[in-house]
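Have the viewer open as you read.

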Amino acid sequence: MGKNILKKQLLLFVSVLYCVNFNAQEKYFVAKEKNGGNTFSDIYKALDVISKKVLKEGYPSNGIEIIIKDGYYKIDKTIEIDKNLNGTFQNSLVIKAENPGKVHFFGGEILTLNEFKSFNAKKAGFNLTDKKAEAKIKVFDLKKAGIKRTELGSFFKHGYGFEKNPNFTTPAMLWVDGERMHLSRWPNLNENNEYYDNVNQFKGKFSDVNIKGAVSLLSIADKGKKKPNMWFKNKDYLENSGGTFTVAFDHAASWEFYKKNEEKIWLDGVLSASWEWEYTKVKRIEKRNITLATGANRSLGFFRKVTHFHFENVPEELDTQGEYFIDREKMLLYFYLPDDIKGKTITLSTLNGDMINIKGASNIRIEGLVLESGRGNGINIVNDARWKKVITQSNNIVVESCTIRNFNQWGVLVQGPFNSKVNNCHIYNLGAGGVKLGKDVKSFKLEKENNVASNNKIHDIAFDQKSQVPGITLAGCGNIARNNEIYDTPHFAIKMKFANDCIAENNYMHDLPQYHHFDGGALYLATGGQFYNRGNQIRDNYFENIATNGAYLDNYTMGNSVFGNVFYNVGNSTKGSKNGAVYIHGGGQNIVENNIAIDCPYAYKTGSHIVKAPNTTNYLNLWYQDAELFKPGSPLYTKYVSHYPALKDFLHKLHNSPDVINKHVENKNIKAISSPKNKKSQINFYDLKGVEAHLNRDALTANWLNWFQLRYQSTTFKNNAYVFTSEKYVPNFNGVAKGVKGAFKLGGETGVFEMASYNLKQNGRTKKITNHVFQGNKWVKDSLDLFGQYSEDGKFIFNDSIAVASIKGFTHINFSRIGILKQ
């Protein structure tokens, strides 16, 4: 009897033991300077062993967990993860920190403070502008430290319009305790310089905007050459096309080092259109004439508002704490040491390429790591593709609770994979953007990718790519930005481009932009060139202290929804720009509904610039080209009209345009009808025929009505509230347009709405005509207690739930769900 009981207990023990082993993941460890068994000294060895084992035995049903012990691990080459390391949907392959935040993957070199030597002006080969700085500058021998010249990277022309460059590279950058140091520059970072001119440029319209650390140009002597195709391969263009401008100062003429050495001076700033930005090499400085090697995207001086720029990589200007200069020929680093440098870690980012590259893999989870320093991206997640054909689809990649910082390019790229997530991460100090979901290229796919960026804190980004590079990009189909906090960016918080059915919801965007003062906004949607990019939703977000626009639907962007957002103190940075809480720049079929704008003088606005600008027909040209692919009965027409019913009417207008317009399309000269030469006799004349058809509604002129409704599109503004806490924010309500409730002074200088109206001149008077729809929008004059209360420190605290009882049909906004949620 006793033996039987013992036998049963033994069987039960074995059975329990078997179950425990069966359910346990296979565990591997990475620990510094340890190697043996299932413990490896670096992540490369661990992944190599696991990959070979999986190839031989298959992926274990219980999954694999790679646990990284505390410490700093030097990453000197990209960590590659491919399909050989695929986990399963139930049990992903997990790479995680044993203690979150205590594991650092580091793509750089640590420079020891006592190896910095005294500065010798004669040996340096350059004369300091500020002689007093000599005692503060120290020199580090990079070659002696074992750093190779190839690890230092190099400079390359980049900026707006120069993004697509397979040769793009970035230089190594210097950091102290995670804080970015700055290349030697003039003017200095926060200097108020007398040669920054906000008075004489653009008729002084932006005299209320002061930009520190910048100067302005005076006049254009040579606009430079037009950018050719494959510009990055054209050596003559890269060295001899930049043009010349004059300045009001003599300071730059004293710089000599660049003339006889490989290290050149680079210009960082805005030289033409206010939304653009350049990083370009200076070829020659002759007295007050600055000649560039490569010029601006659309030539110097194009649509200039206020130019502002600085010069950097100028060794003569080493004159303030935290500035540095690298002489690659001599392999020497010159560094003006900060006063509090003792005890801090000095690092140089040298890793070339991405830190982690996940290609064609699925079911991978990266958790709790600190990824820092590198000249490429932090994490790049892509499909395995050949010649644009996907060989292996990536799926279900999760980046969880990581810190990603100090990379010269993006934090996390997810371009092509499905069902992936970047969650609860802190992403900052990046040369480019924070997170990109989807490929921002032209596509006719409507399969939802379902990638999500959620609960992330993203700030201080795009220090090296300042134009139109956001905290989060949403592209492709069905990608989502949810519950993120984004602030201190140079241009945008969130950008949607080449996007269908993407969603930005419950995000908290505040205190931006920090660089572009004359253009842009917090959430930027630019899909107007592709009428089939639509269905995107901007909902339940909070915009606070936004200097320019809040939600900005630019350049004919159409077919989207802006619903349930709260805007506070938006558009008050300058009186020179009429920025709005919501700005619809020419596009139609958008619904702007159920929003609240507090202290936003131009709350809900449409703009006329794109309709009346010389480049307006660039967009029409694209529409008519693509309309050929969307003929009734075609596969694309059937797919898209079924998914977006409102698109049917828009396509009908394109397919039934006036004969003269069709002739322009056939002759491929429709873009020319808005040129200065043809404007009066062509597009202005066609618009007049269109507005006459709009007024008469005659069946014989239906095609001209189609033309007018393509040109002057219709967006609906419904049940939106606007509130003013002080008289200083209240606009001038004189000039209310008759028959248009809530639309104040259409196209005028002041008012809550500034519409893209058609100005019909008859009998010496101007009649303003708009296709927009206004329903139930209201100036709410009730107590602010309806929305929230001011705290003792003057910050407005919103109620958890916000409703506007005086607007019939207004849906309450759950403010407590906005921003990063507690995990």
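## Cysteines

Cys402 counts as buried at 1% relative accessibility, where buried means under 20% relative accessible area with a 1.4 Å probe and protein chains only. Cys600 is buried too, with a relative accessible area of 1%.

The structure holds 0 disulfides, a disulfide being a pair of cysteine sulfur atoms within 2.5 Å. For Cys402, the closest cysteine sulfur is in Cys425, 4.9 Å away, and therefore too far for a bond.

## About the model

This is a predicted model, in which local features need pLDDT of at least 70, side-chain atom pairs count only at pLDDT 80 or more, and totals for chains, interfaces and linings use all residues. Residues are numbered from 1 along each chain as its sequence is written, and side-chain values use heavy atoms, leaving out hydrogens and water.

Strands here are DSSP runs (E, at least two residues), numbered from the N terminus. In strand 23 (residues 332-336), 5 of 5 residues are buried. Leu332, Tyr334 and Tyr336 point one way, while Leu333 and Phe335 point the other.

Two strands pair if DSSP finds at least two bridges between them. Strand 10 (residues 137-141) runs antiparallel to strand 23, joined by 5 bridges; Val139 has Tyr334 as its bridge partner. Strands 22 and 23 form a hairpin with 4 residues between them, and Met331 in the turn has a positive phi of about 55°.

An open sheet of 4 strands has the order 8-24-12-13, with antiparallel pairing. Strand 8 (108-111) and strand 13 (179-180) are the edge strands, each pairing on one side only.

Technical notes. Buried means under 20% relative accessible area, exposed over 50%, partly exposed in between (1.4 Å probe, protein chains only).
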